[in-house]
Amino acid sequence: MHHPVSGTEGSAYAAAASFSPRRRQMALVAVALAFVMDLLDTTIVNVAIPSISSTLGADRAALEWIIAGYATAFAVLLIVGGRLGDSHGYRRMFLTGIALFTITSMACGLAPDAMTLQIARVLQGATAAMMVPQVMALVQVMYPPEQRYKVYTVFGFLGGFSAALGPIVGGLLIDANWFGLGWRLTFLINLPIGLFSLVAGARLLPAGRGVNATPVDVIGAALSVLVLFALLAPLIEGPEHGWPIGLVLLLAATVPLAWGTLRYLRWRQATRGDALVPPSLFKLRKVALGLLCTLSINPVLPAYLLVMTFVLQEGMGLSASQMAYACAPIAFGAMGGITLIGPRLFKLLGVRVMMAGVGVTAASLSLAAWAVYGGVLLPWPLALAQFGMGLGMGLCGPQLSNATLQDVPMTDAGVAAGMFTAVQQIAAALGVALAGLIFFHSQPVAASAAAHYATAYLQVLPLFGGLSITALLCIHHLAKAMRAVPGRS
């Protein structure tokens, strides 16, 4: 049991203060299931992409939207979801979000054509944005600061493991083909999980409002949507349609739109005090550096999974279940990095353990290129590369979330959690869009489909290299910021 902070009477913080350790743990399981379900949905679709393409006749741009549309809607509405949790109560918004997420998952699973699936995926991402910010906010509500690191470590493990598990579960479900549903099972599997989490959440989570009950900044949300649409739509649609002038101008408008959005947020905060994102959060050095780290680390795995899915399935001819087995080392690597290696290295290196994670990831990306070079698959080097991808991710995840959110005031718990996860999703969508831009529209000369895709993968490596160098620089400065706090390494 922990005592509520002054000024939290009648809030979710006050309700959670009376929870026994057992109820707190059970409530944590309820929100963790929803967290896992969302992360599975972020990556499970990758292995289904070839099946969706052949079944629904989706073109390359449609396939990228099926992946990036979810992440984009999720990202642009996450901060709104955080604000709604602060103002209307974390439990209420969590339960609403998970109910709608379950419904939109069913819509994805029953989609009759590619356009319907694209729309359903965007709606699914939007409903996830109502649900997910409440997860981290509820952690901050239910656990005092000195206990949160252990919980963040658990969520880091679940995050890394679930993201890596997505392609495995997806591949096995597709080849199992229960009731002839094939790839549709990758979405319909959410129905029983969502219903269980809904019932458990209603019984176990703390009721009550957040501490900072402010209205939603609708204009700020609309501007954020516009900025991300201006950035992502041209990157996905441009190559498919020969870069028409309208898409070029839309991409060029991203910078002035972003500048205008920032100016608006500053004005809103100064005049009304309820901007969608308080600009003061960006003045917290750890928050700013943590978000920059996220933008350089988080694009890599989604981009790699997109590209490697086509290399292995379309190029090398692996089935969905064989792809699942090929992705299993990613899950084992993530598990090892988060639970065994990461905590030990953290004691020695502090947040610089993320440098080791970035280094392992970069080496694994190069090893994967060798494993498929020339269209000839080398199973053991590929398995080692996949393990390294998971390990690198596992060394970065828990440390990054903890360092970024460490100094956030309690009153901004919901919006800060939403902002951090939003940036993760923005990074994922950008990774998919940029990797797809290079991979799908490269023109390597190759004698076979396997050699073609393997050579196209090589052309994506400079993107990964640039992201790795940027990540190392950001981690270096984040480590310096952490040392500036007494007692922190």
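Author: The largest pocket holds about 710 Å³ of space. A pocket here is an open set of points on a 1 Å grid over the protein atoms alone, where a 1.4 Å probe fits, with protein on both sides within 12 Å along at least five of seven lines. The volume is the space filled by probe spheres set on the points, which are joined across faces, edges and corners.

This is a predicted model: local features need pLDDT of at least 70, side-chain atom pairs count only at pLDDT 80 or more, and totals for chains, interfaces and linings use all residues. Residues are numbered from 1 along each chain as its sequence is written, and side-chain values use heavy atoms, without hydrogens and water.

The lining has 24 residues, each with an atom within 4 Å of a point. Val227, Leu228, Phe282, Val423 and Ile426 lie nearest the centre. Several helices (DSSP runs of H or I, at least four residues) each supply at least two lining residues: helix 3 (60-88), helix 9 (218-237), helix 11 (254-271), helix 13 (285-297) and helix 18 (413-439).

By type, the lining has 21 nonpolar residues, three polar and no charged. Nonpolar covers Ala, Val, Leu, Ile, Met, Phe, Trp, Tyr, Cys and Pro; charged covers Asp, Glu, Lys and Arg; the others, Gly among them, are polar.

Now the chain around it. The chain has 19 helices and zero strands. Buried residues (under 20% relative accessible area, 1.4 Å probe, protein chains only) make up 59% of its 489 residues. Mean pLDDT (the predictor's confidence in each residue, from 0 to 100) is 83, and 89% of residues reach 70 or more.

Conventions. Buried < 20%, exposed > 50% of the residue type's maximum accessible area, 1.4 Å probe, protein only.
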